[in-house]
Every structure is written in structure tokens, then in C-alpha cells.
Amino acid sequence: MSIMNITLESIQLTTEDLSEYSASLSSSQELYSPTAPAEPIALFGWRDRWWLNKKPAEQVAIHYWFFDSTDKANTAADEGRKRLTSRTLLKLGGHVSAYQPVSLDEIKLGDSVWQTGANWLFVRDTIVILVSEIGGLITAETTLAIAQKILQKIEKVLSS
């Protein structure tokens, strides 16, 4: 899948990229948009599940969604964060998504960033990325480092 010069293959993490975590790919599959069935619909979505330290209990899921505009990518991430987890936070006036905005001054991770626990959702250009841990055994620092590896790959493609 290609959006301009960005392809899934050009930004997708590999076993080599995750070698410091002794990672093994456990599954891959095509995905719908984070807002499906509502607009905006991703042109393409993909998820890879990785076992860190070769342990099924230490699982990370990496979601990649491609959109045809930056506006659609930002809208999909902002709207989709409500659907990415059933967890909510109680705020004055009701419940809100557990994925909360993160200051770009605090975390350098794309154009827009949301976090809940060790899970990171971010937008860079026309791409939405979700790095999430499954099982509560992986730290936010580890998933952030993994997300930053993807961002580095995106930046490399955008600068070429």
C-alpha cells in the first residue's frame, strides 16, 4: 500500500528493528479504519502483533492506518480513540476516552499524540499509528520507544 512515497513496508517494524526486545511476530492482519464504519475510512489498515522476549504474555500490537489527507488522519485518530478501548475516564460532564492528548512539548511523537497507560496513538502526516500493549506487563517507556522507531521510519521516508 502506498500513499505518495510511503508504503506499509517502508515504515513497518521488523524483527531486526525490535531485536533489543527479542521480539517474534505472532500475527498480522488487515484492519478497518479506527472510525469504521463512520467516516473517515482508512485507505488501508494493518496490525502486527509481537511477542516481546518471545513470551506470549508480553504482547505488543502495532496498528498502521493510511489516509489520503492529514485532516482525515487527525480526525480518524481523534474520533477513533473513543472506539479503540472501552475504558473511559470520568470528567466533569460525563465520560471521555481513556486516550488523552499528550503535550507535544512533553513527548515528541508525530503531529498529534494521545496516551492511555502504556498505549500510544499518534498521527504523522497521513498515517495514524497505535502501539498498544496487551496484558499489562510492558511499560509505557518500552511502547514509547517502539512508537519512536516507527516515527523515525516515517520521518526517513518523508525526508527522501
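Visitor: In which helix does Thr142 lie?

Guide: Thr142 lies in helix α3; helices are DSSP runs of H or I with at least four residues, strands are runs of E with at least two, and both are numbered from the N terminus. The model is a predicted one, in which local features need pLDDT of at least 70 and side-chain atom pairs count only at pLDDT 80 or more, while totals for chains, interfaces and linings use all residues. Residues are numbered from 1 along each chain as its sequence is written, and side-chain values use heavy atoms, with hydrogens and water left out.

Visitor: Why is Thr142 called buried?

Guide: Buried means under 20% relative accessible area, exposed means over 50%, and partly exposed lies in between, with a 1.4 Å probe and protein chains only. Thr142 has a relative accessible area of 19% and therefore counts as buried.

Visitor: What does Thr142 touch, not counting residues up to four places away in sequence?

Guide: Thr142 touches Tyr21 and Leu52, where contact means heavy atoms within 4.5 Å. The C-alpha atoms of Thr142 and Asn119 are separated by 10.0 Å, and these residues are 23 apart along the chain.

Visitor: Why does Glu141 count as exposed?

Guide: Glu141 is also placed in helix α3. Its relative accessibility is 60%, so Glu141 counts as exposed.

Visitor: Which other residues of α3 are buried, and what covers them?

Guide: The buried residues of α3 include Leu144, Ile146, Ile150, Leu151 and Val157. The cover of the buried residues of α3 includes β2 (6-7), α1 (8-11), β5 (59-66), β10 (119-124) and β11 (127-134).

Visitor: What span does helix α3 reach, and what is expected?

Guide: Helix α3 (residues 140-159) has 20 residues and reaches 28 Å from its first C-alpha to its last. The expected span is 1.5 Å times one less than the number of residues, and the span of α3 is close to the expected 28 Å.

Visitor: Why does the radius of gyration of the chain agree with that of a compact globule?

Guide: The radius is taken over C-alpha atoms, and the globule rule is 2.2 Å times the number of residues to the power 0.38. For 160 residues a compact globule would have a radius near 15 Å; the chain has 15 Å, so the two agree. Of the 160 residues, 46% count as buried.
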